[in-house]
Amino acid sequence: MAHLLIFDALNLIRRLHAALGKQALDEQALLIATQQRLMTTVQGILQEVDPTHVIAVFDGEEPSWRHQLYPAYKQGRPPMPPELQHGMAALQDSLWQCGVDSLLTEGDEADDLIATLSQQLTQRQQQVTLISTDKGFCQLLPSGLQIRDYFNRRWLDAAFVAEQYGVTPEQLVDFWALAGVNGSNIKGVSGVGAKSATRLLQQYGSLEQILVADPTESRALQLVQHQVDNARLAQTLVRLRLDIPLGFNLKAIRYSPPTAPTVGGRS
């Protein structure tokens with residue numbers, strides 16, 4: 001059986017960079033330290049997971065379909081530090097030295113690329129492990145994806161979703177459609193917070209059922225039904241796409257441990 005290991009690359013890199021940034025390092029030294037920490041981290045994960053295939057997925061630089069649909073998407077999010085942006089090629093080279101190729105396409109978010117790739121394998125009963133702290137991927141848990149939060153040493157699984165949100169993984173897209181996602185500036189339904197979203201989904205099961213329920217039953221129902229367009233927009237934005245053209249087959253990302261990785265260039 002194939003076991004694909006996917007690195008949510010910018011998620012990993014930015015957290016390593018932020019942790020190292022607490023030290024008194026200049027920009028160049030910080031980038032070099034991030035490169036080195038990235039290599040040791042990736043090598044450790046590769047040894048632990050022992051995958052047959054591996055890929056690191058990055059965001060494209062062009063605005064995605066979400067920005068086109070909703071121009072305020074991710075508005076207000078802190079930009080990537082310039083030195084990290086300028087050093088991205090060197091960081092991708094460090095991954096290559098570990099035997100990990102990079103995947104990115106212009107105009108596509110890493111989230112959609114990861115969702116598409118993982119779905120293709122889990123549908124064929126293959127094992128897929130994702131290294132990420134992004135809880136948005138938990139909507140893919142029903143397909144069989146395993147999500148490892150490396151920094152908190154935990155699995156983002158159905159038990160985590162139940163504890164964090166009070167709903168099932170199958171209900172997460174509707175949960176965020178109601179409550180919104182602050183980190184991405186997705187508003188959801190004004191006046192309906194996380195607690196109300198959980199209560200509504202526990203009682204009615206889905207956004208569709210909420211929209212056809214008797215509005216006199218609660219104020220929260222009225223809010224959702226009066227803001228159906230907001231809920232539908234948020235639902236579309238948070239749902240990961242599974243149909244991004246990838247342009248390669250599994251053989252291209254088979255993992256072969258490098259014989260002698262060195263910092264500074266491809267061997």
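## Pockets and a helix pair

Five helices, α1 (9–20), α3 (65–69), α5 (88–97), α6 (110–122) and α12 (228–238), each give at least two residues to the lining of the largest pocket. The model is predicted. Among these helices, α1 provides the largest share of that lining, five residues.

The largest pocket has a volume of about 1,500 Å³. Its lining counts 46 residues, and those closest to the centre are Asp59, Lys74, Arg77, Glu109 and Asp111.

The second largest pocket holds about 180 Å³ of space. Here 13 residues form the lining, with Trp96, Gly99, Val100, Asp101 and Arg254 closest to the centre.

| Pocket | Nonpolar | Polar | Charged |
|---|---|---|---|
| Largest pocket | 18 nonpolar residues | 14 polar residues | 14 charged residues |
| Second largest pocket | seven nonpolar residues | four polar residues | two charged residues |

Helix α12 also takes part in a helix pair. Its partner is α8 (residues 172–179), and the two pack at an angle of about 130°, their axes 8 Å apart. Angles over 145 degrees would count as roughly antiparallel and 65 to 115 as roughly perpendicular, so α8 is oblique to α12. The crossing of α8 and α12 is right-handed.

Which residues meet where α8 and α12 touch? From α8 come Val173, Asp174, Trp176 and Ala177; from α12 come Ala231, Ala234, Gln235 and Val238. By class, this contact has six nonpolar residues, one polar and one charged.

Notes: Residues numbered from 1 in each chain as written. Predicted model: local features only at pLDDT ≥ 70, side-chain atom pairs only at ≥ 80, totals over all residues. Heavy atoms only, no water. 1 Å grid on protein atoms, 1.4 Å probe; cavity = no way out; pocket = protein on both sides within 12 Å on 5 of 7 lines; lining within 4 Å. Points joined across faces, edges and corners; volume = space filled by probe spheres on them. Helix = DSSP H or I, 4+ residues; strand = E, 2+ residues; numbered from the N terminus. Nonpolar A, V, L, I, M, F, W, Y, C, P; charged D, E, K, R; others polar. Axes fitted to C-alpha atoms, helices over the stretch in contact; angles between N-to-C directions. Parallel < 35°, antiparallel > 145°, perpendicular 65-115°, else oblique. Left-handed = near helix turned anticlockwise from the far one by under 90°. Contact = heavy atoms within 4.5 Å.
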